[in-house]
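Reader: I would like to learn how residue pairs get their labels. Please show me the structure.

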Amino acid sequence: MPSTSTSTGAPETARWLLRGRDGRLTAYARADAGLLRWTEARPGGPHWEGPDFFEAPGLTHLTLAQGADGYVHFVGRRERPGDDGKAVVDLVHTVQYQSGRPPMDWRSLGNPHTKLVERAPHLGAPAVAVDAAGTVHVFVRDAVGSVRMRREGKGGKWEGWKDFKVRDTLDGIAALATSAGRLEVLAPAGKATLRWAQEEQGGELLRADDIPLAPAPGSGTALETAPDRLTYYAADAHGDGVLARRTDGDGAVVVPLGGTPGPGPTAAVRTPIDGHDCTVLAHRTAAGRPALAAFPTEDEGAGLWWAETGEPCLGAPALALDAHGRVVIAAIGLDGTLRLARQKAEPGLALEPWTRI
């Protein structure tokens, strides 16, 4: 349905610009009492449809993830007034099966604090990941700083909550499946980033070595930078720019990448540039504008420079590759509209002018 609402910002993930199985890009944003969506009219653009508005009252946080089947899963933190006037908090989930199609009805996933109800309102921001088999995993920081997980079992029935039994984690859990189907989970804490990983697809998530990187809450992103290997990019909690480190500890070095990131996650995508495998990063600067940088994949030490681009935005920008393999950067403007710029059809990473959708 056509939008009757204005965007209030980007979701709590840098992966809110996604390419469907039909090649079309779709952008998603938060709105008062719901979700906004813009969809390319045809693969590669330049025309877009929307925004379409889908009602979801009470959402305080929204995140999403796409499976290998192209399905887009949305998880939100919902807060509503109870009969006694106290807030009732739960997590909710829905799925969109095809580009341009409406999502299914929202379904409550409950709250892990079912017994100690006084803790329930203190649930943090959720994260979601989909493994190679299409299994949906939902993660959230609980009231005492532990990580809780609930995943979809066979036949669509959700399993119970699992407690990872840690403390002092912060918002900004990042989770991603590798090309081998293994899932890795990264949770920022005060002095490091805690990590869990599957040894094989469908296995249990086991505690792995921490990453010696203390990120700003909500700033971390994982990207597969080699077969079955992730690199974690996050803003330094002490204001020293973006940092990078391989999750498997290869080299055991945290690499400073500079930049002046403000609140929000770092966006990351891999793409060939002039015949070289490169990683492109983007973040919202402390001044509020998108900033972009590129470097040879897994060679952060080769150097990079950040270039601010576009106008100030609400939340973090997103990166994706369109149907023609061009880099697209998207942002939510201060007026709530979608803004995007596409890579020019020429050598390098030069962008076409930003477009207001």
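Author: Here are some questions on charged pairs and their surroundings. This is a predicted model, where local features need pLDDT of at least 70, side-chain atom pairs count only at pLDDT 80 or more, and totals for chains, interfaces and linings use all residues. Residues are numbered from 1 along each chain as its sequence is written, and side-chain values use heavy atoms, with hydrogens and water left out.

Reader: Why is the pair Arg 80 and Asp 90 called a salt bridge?

Author: A salt bridge needs a side-chain nitrogen of Lys or Arg within 4 Å of a carboxyl oxygen of Asp or Glu. Arg 80 and Asp 90 meet at 3.8 Å, N to O, so the pair counts.

Reader: What does the pair of Arg 80 and Asp 90 tie together?

Author: Arg 80 lies in strand S7 (residues 72–81) and Asp 90 in strand S8 (residues 87–96), so the pair ties together parts that are 10 residues apart in sequence. Strands here are DSSP runs of E, at least two residues, numbered from the N terminus.

Reader: What makes Asp 90 buried?

Author: Buried means under 20% relative accessible area, exposed over 50%, partly exposed in between (1.4 Å probe, protein chains only). Asp 90 has 6%, so Asp 90 is buried. Arg 80 has 36%, so Arg 80 is partly exposed.

Terms used. Helix = DSSP H or I, 4+ residues; strand = E, 2+ residues; numbered from the N terminus.
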